[in-house]
Number of protein chains: 2
Amino acid sequence: MNRWNGLSPGELALLDTVFWSTGLSRDALARRSAFSKTRANAVVAGLLERGLLEENGLQSSSGGRRAETLRLHRGLGVLLAADLGATGLRVGVLTPDMQVLARHVESADVRKGPEFVLARVRALLRQLLEQAGRSTHDVIGIGMGVPGPVNFESGQLVNPPLMPEWDGFSIRDDLKADFAAPLFVDNDVNIMALGELWRLQRSLHNFLVIKVGTGIGCGIVCQGQVYRGATGSAGDVGHICVDPSGPRCHCGNLGCVEAMAAGPAIALMARAAVQAGESALLAETLASTGTIRPEDVARASRAGDAAANAIVQRAGGLIGQMLASAVNFFNPSHIFFGGSMMRIGPLFLASLRQSIYQRSLALSTRQLEIQISPLGEQSGLIGAAVLAMQETLRMKGAA
Amino acid sequence: MNRWNGLSPGELALLDTVFWSTGLSRDALARRSAFSKTRANAVVAGLLERGLLEENGLQSSSGGRRAETLRLHRGLGVLLAADLGATGLRVGVLTPDMQVLARHVESADVRKGPEFVLARVRALLRQLLEQAGRSTHDVIGIGMGVPGPVNFESGQLVNPPLMPEWDGFSIRDDLKADFAAPLFVDNDVNIMALGELWRLQRSLHNFLVIKVGTGIGCGIVCQGQVYRGATGSAGDVGHICVDPSGPRCHCGNLGCVEAMAAGPAIALMARAAVQAGESALLAETLASTGTIRPEDVARASRAGDAAANAIVQRAGGLIGQMLASAVNFFNPSHIFFGGSMMRIGPLFLASLRQSIYQRSLALSTRQLEIQISPLGEQSGLIGAAVLAMQETLRMKGAA
């Protein structure tokens with residue numbers, strides 16, 4: 001794309017600033033960039049002319065006149081985003097300023113292996129592109145989140161406990177034939193953290209994003225950046241021990257919080273409650289559907305079933321116990337919760353909160369805020385698109 | 001000091017690079033700085049002339065000729081460093097390139113309060129200055145580590161559990177009358193981490209430094225910087241719960257690792273072993289001295305006493321259990337151990353190692369190195385001086 005050619009580092013930095021501060025006025029942008037106001041205006045004029053930026057309409061300003069805001073030019077193309085969970089996938093087509101043009105959610109089983117799952121992702125992305133009135137030539141970058149540890153450089157999964165069939169598989173090679181645009185893969189919780197960081201316009205520097213679904217994972221934002229650790233496995237909190245005499249986890253250890261409090265453990269506790277005759281509601285579910293899924297426990301809890309509520313509180317208490325250690329260690333300013341288990345409702349969040357505050361050092365929790373991720377179940381999709389746009393800008397800088 | 005006047009940001013950045021890469025040749029320095037070789041040589045020439053840098057003699061080079069190395073000029077003045085532990089203090093006078101000119105170690109009790117302890121620190125620093133042939137006018141910066149949470153901006157302690165008398169006390173104001181140089185205060189474990197980071201010339205980016213003494217603390221280096229957390233309490237791992245039915249800690253919670261495995265807990269376990277008739281050696285110590293100190297257990301363990309060894313292994317196992325959580329969460333490349341309890345010997349380190357590897361996810365430990373801090377008990381003193389020099393350079397930049 002010609003409009004990218006010969007950009008200076010200063011121009012690229014300004015594009016990056018616009019991307020990370022959507023809705024910012026020109027004046028605010030100049031203040032946030034390394035340039036003087038005059039110089040920033042000149043650079044912006046050049047970028048508008050080249051079709052890299054466009055005006056976003058007027059923003060009501062605190063003073064008299066109304067300030068124009070800027071965004072990355074939608075004519076640059078579109079981003080494809082895919083957020084793979086252990087049991088579901090979410091795909092979308094987004095503009096460079098994170099407007100969702102088309103999206104789709106469906107259940108999926110990552111254990112069916114990469115060929116099967118990626119064939120479906122590929123087909124859905126093509127459908128969504130068509131639905132958005134775009135072609136594969138319009139795609140400037142692809143971002144994908146997967147529920148396992150990822151080598152960020154190679155885009156390969158490394159020993160993923162929930163999806164062993166994917167070990168060492170190159171998603172990048174698999175999708176190369178379909179889309180010419182570069183593909184970036186990261187852990188599902190890291191992209192949720194990236195999505196929240198974008199939503200926050202980088203205004204918070206040290207926070208955690210916790211996903212509670214089939215597994216339990218943690219995205220870490222440290223000093224304004226997503227932190228991946230020495231070998232890419234930072235935030236792998238699902239296998240922290242909360243009870244040395246607890247059940248054996250698929251990782252081989254005993255009493256991992258994931259084995260005791262994530263979706264499958266919640267369903268197991270519900271079966272035990274039925275066997276103990278503690279819940280007529282859950283027994284009815286088991287009788288009529290032949291199984292109890294985590295979402296059945298969630299529904300029972302919202303309906304006020306005492307056994308379901310006890311299960312929810314136990315799971316929240318165990319996850320909170322694990323997070324209290326993370327809070328003492330990391331001293332985050334915020335914890336944002338996401339993932340399918342958060343649909344359980346306010347009782348789950350209350351149990352998590354209570355357990356974290358009870359076990360953390362007062363100094364670490366004095367200003368700690370704990371809430372549901374404001375992007376909700378979109379955080380992974382948005383984050384995957386942010387990853388694609390961020391890395392695409394970085395590549396333009398390196399080119 | 002005139003030689004500091006009117007430095008450009010580029011010159012200050014180069015001074016910083018020299019400080020963080022002691023023993024670097026001019027060629028290597030140019031490669032590590034943002035300058036071309038010619039430009040770097042010109043800047044270095046200017047800094048040599050101004051008396052900010054000096055040549056360090058010759059370094060054997062891999063090629064034929066020998067390369068000159070550079071260091072901050074020793075004529076700039078000296079740094080004062082103080083490393084306060086709960087039961088001991090270590091003070092020193094150092095050159096800008098971290099050569100120790102004079103130092104002193106003695107036992108101390110921080111619970112005697114700030115006036116008492118700081119009067120002693122003040123007297124010792126004056127003595128050491130004299131011993132090094134310097135005066136208070138030669139002091140360019142003072143660094144101090146304290147065993148509690150510190151508000152880094154104000155230099156005040158915030159709710160320190162081991163030294164409640166110091167809460168809100170301004171060490172900076174207290175020492176202002178004695179030394180004109182700026183004083184910087186940080187947590188004792190953060191300065192140990194800073195010392196190791198300096199020793200490593202920033203070659204590692206994500207590692208932990210664990211101090212095991214009267215308390216247990218953790219210094220975190222994240223993305224090449226000491227990480228202090230949202231409110232300065234990051235690394236406060238001593239109050240992570242390792243046994244919900246454990247004894248009550250001075251923080252109010254049950255089963256904190258500090259209450260179960262730090263120095264005082266080790267001494268308590270030894271008393272229990274004597275009462276149970278498990279150790280003739282420890283019984284003898286108690287009979288002859290009227291008490292059992294942690295160092296007595298260390299000595300008994302090194303002498304092969306079975307009860308002492310069991311205590312050491314239990315303490316190491318509990319601390320390792322806590323650190324396994326930190327490893328799963330943070331995925332560091334290295335863990336360095338320091339603090340007085342490390343004098344116990346190899347059995348303690350072996351127990352720590354075994355427990356960490358056993359409970360951490362394989363992916364996090366595949367490349368994890370666990371060792372005694374190479375700077376040993378000097379790491380805090382060096383770190384305090386690094387803090388002083390680093391912040392002094394930063395102030396020159398801001399001036």
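**Exercise 1. The interface of chain A and chain B**

Task: Find how many residue pairs are in polar contact across the interface of chain A and chain B, and which elements of chain A supply the side that touches chain B.

Solution: Across this interface the rule finds 18 residue pairs in polar contact, both residues being at pLDDT 80 or more, where a polar contact is a pair of N or O atoms within 3.5 Å, and within protein one must be able to donate a hydrogen and the other to accept it, while residues adjacent in sequence count only if both atoms are side-chain atoms. Next, strand 11 (216-222), strand 12 (225-227), helix 11 (306-330), helix 12 (346-359) and helix 13 (362-365) of chain A each supply at least two residues of the side that touches chain B; helices (H or I, at least four residues) and strands (E, at least two) are DSSP runs, numbered from the N terminus. Helix 11 of chain A gives the most to that side, with five residues.

The model is predicted, so that local features need pLDDT of at least 70 and side-chain atom pairs count only at pLDDT 80 or more, while totals for chains, interfaces and linings use all residues. Residues are numbered from 1 along each chain as its sequence is written, chains are lettered from A in the order in which they are written, and side-chain values use heavy atoms, with hydrogens and water left out.

**Exercise 2. The surroundings of N190(B)**

Task: Work out where N190(B) lies, whether N190(B) is buried or exposed, and which residues N190(B) touches.

Solution: N190(B) has its place in helix 6 (residues 188-199) of chain B. With a relative accessible area of 3%, N190(B) is buried, a term for values under 20%, against over 50% for exposed and partly exposed in between (1.4 Å probe, protein chains only). The side chain of N190(B) makes a polar contact of 3.0 Å with that of D186(B). Leaving out residues up to four places away in sequence, N190(B) touches C218(B), G219(B), V226(B) and R228(B), contact meaning heavy atoms within 4.5 Å.

**Exercise 3. The loop residue I292(B)**

Task: Place I292(B) in chain B and state how far the C-alpha atom of I292(B) is from that of G219(B).

Solution: I292(B) is found in the loop between helix 9 (280-289) and helix 10 (294-302) of chain B, and I292(B) is buried, with a relative accessible area of 4%. Among the residues that I292(B) touches are A267(B), V274(B) and L286(B). The C-alpha atoms of I292(B) and G219(B), which are 73 residues apart along the chain, are separated by 29 Å.
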